[in-house]
Amino acid sequence: MKLKSIALAAAMSALAIGAHAEGLKVGMITTLSGGGAGLGIDVRDGFMLAMKQSGRDDIEVVIEDDQRKPDIAVQLADKMIQSEKVDVLTGIIWSNLAMAVVPAATAQNKFYLSPNAGPSALAGKRCHKNYFNVAWQNDNLHEAAGAYAKGAGYKNTFILAPNYPAGKDALTGYKRMYGGDLAGETYTKLGQTDYAAEIAQIRASGADSVFFFLPGGMGIAFLKQYADSGVDLPVVGPAFSFDQGILQAVGEAALGVINTSQWNKDIDNAANSAFVDSFQAEYGRLPSLYASQGFDTANLLISAAGKADVKDQDAFRAALEAAEFDSVRGDFAFGPNHHPVQNIYVREVIKEGDVYTNKIVGTALENHADAYAGDCKM
């Protein structure tokens, strides 16, 4: 079966890839329908591209759609653990879903590799030896945005994010590195699409800049409405609101906006160049941040499976901790709480031909670790 047909089938129902022999079985629970589906599709496609390139026929992947609903994610995880007998879980995009699934999965001695959600609770006091985040801790990209805003001389930023764990981590992270005054701080509804009230608050606030974290369709709606409002304040945000899939929908309104990311398509290393080219060849589009995270997560898993049997949990965990794979980010290492220590870059939205994309224009934070590792006692 070709990978493209697999991708279509996965969006509609569960599926399994790979040999049904004894080996490693992976359960991917991610968002493939409804709001935010593009994020889950990109994680899935990046993950499955790495699986295809590996040539491994002893790793089986079962994929399910959580519909961005915590109760469904929990039901799927229970089914995968109890009925499917998976060894490893992965795929969750949203932090409220991760908080519902990850602690229960690790309590049942399953490994969880996060390709996206990195809530602060799971990086700190509720960390677990079988939980690894291959993307970032939620605060990190927002910390980088705060560091950029401070360096740019912004003194009175208006900040907003959705009212859920990742939104709270976002504003906490921004404030940790920004250090200036706040013209306003607002939490919006998760999934909100009308931002007229928030834009009116920004207009009246006396702000000199705006920071927002609104992933997926929320970011598209906000940026379009902000551009149409006539409010002309510089905008800073994390990559989630200015990533590849979002930019095409936003269009010209995003040009010149500064955002922060641990990955971009122009990071100069062989693994990243090959990934960008092969992803475009396979799917007919540029990869996103989420696709890069799915790709790295799969390659971490493949590297560990090549060194240890997942049934020997101590050996498999040590193989994951070693992270001996070619990351699209370049050098890759875990901190003591199994979250990455990595560079976070400053990107600017540009247009290449007819395609809106990002280019790296600087580095906000070097070899950056999260703020919660000291609270993690494994």
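This is a predicted model: local features need pLDDT of at least 70, side-chain atom pairs count only at pLDDT 80 or more; totals for chains, interfaces and linings use all residues.
**Exercise 1.** Work out how many cavities of 30 Å³ or more the whole structure holds, and how much space lies in the largest cavity.

*Solution.* Start with the search of the whole structure: it turns up 3 cavities of 30 Å³ or more. Then take the largest cavity, which holds about 120 Å³ of space. Next, look at who's around it: 15 residues line this cavity, and the closest to its centre are Asn 116, Trp 136, Tyr 164, Ala 166 and Phe 213.

**Exercise 2.** Sort the lining of the largest cavity into nonpolar, polar and charged residues.

*Solution.* Go class by class: you get 11 nonpolar residues, then 4 polar ones, and no charged ones.

**Exercise 3.** Is Ser 114 buried or exposed, and which backbone oxygen does its side chain reach?

*Solution.* Second, check its relative accessible area, which is 1%; buried means under 20%, so Ser 114 counts as buried. Third, follow the side chain of Ser 114: it reaches the backbone oxygen of Ala 117 at 2.6 Å.

**Exercise 4.** Find the residues UniProt lists for "domain: Leucine-binding protein", and say what the span is made of.

*Solution.* Begin with the record: an unreviewed UniProt entry lists residues 24–353 under that name. Now turn to the model, where residues 24–353 are 45% helix and 20% strand. Finally, take the end C-alpha atoms of this span: they lie 43 Å apart.

Note on methods. Residues are numbered from 1 along each chain as its sequence is written. Side-chain values use heavy atoms; hydrogens and water are left out. UniProt positions are given in the numbering used here, feature names are shortened, and annotations may be inferred rather than shown by experiment. Helices (H or I, at least four residues) and strands (E, at least two) are DSSP runs, numbered from the N terminus. On a 1 Å grid over the protein atoms alone, a cavity is a set of points where a 1.4 Å probe fits but cannot get out, and a pocket is an open set with protein on both sides within 12 Å along at least five of seven lines; lining residues have an atom within 4 Å of a point. Grid points are joined across faces, edges and corners, and a volume is the space filled by probe spheres set on the points. Ala, Val, Leu, Ile, Met, Phe, Trp, Tyr, Cys and Pro count as nonpolar, Asp, Glu, Lys and Arg as charged, and the others, Gly among them, as polar. Buried means under 20% relative accessible area, exposed over 50%, partly exposed in between (1.4 Å probe, protein chains only). A polar contact is a pair of N or O atoms within 3.5 Å; within protein, one must be able to donate a hydrogen and the other to accept it, and residues adjacent in sequence count only if both atoms are side-chain atoms.
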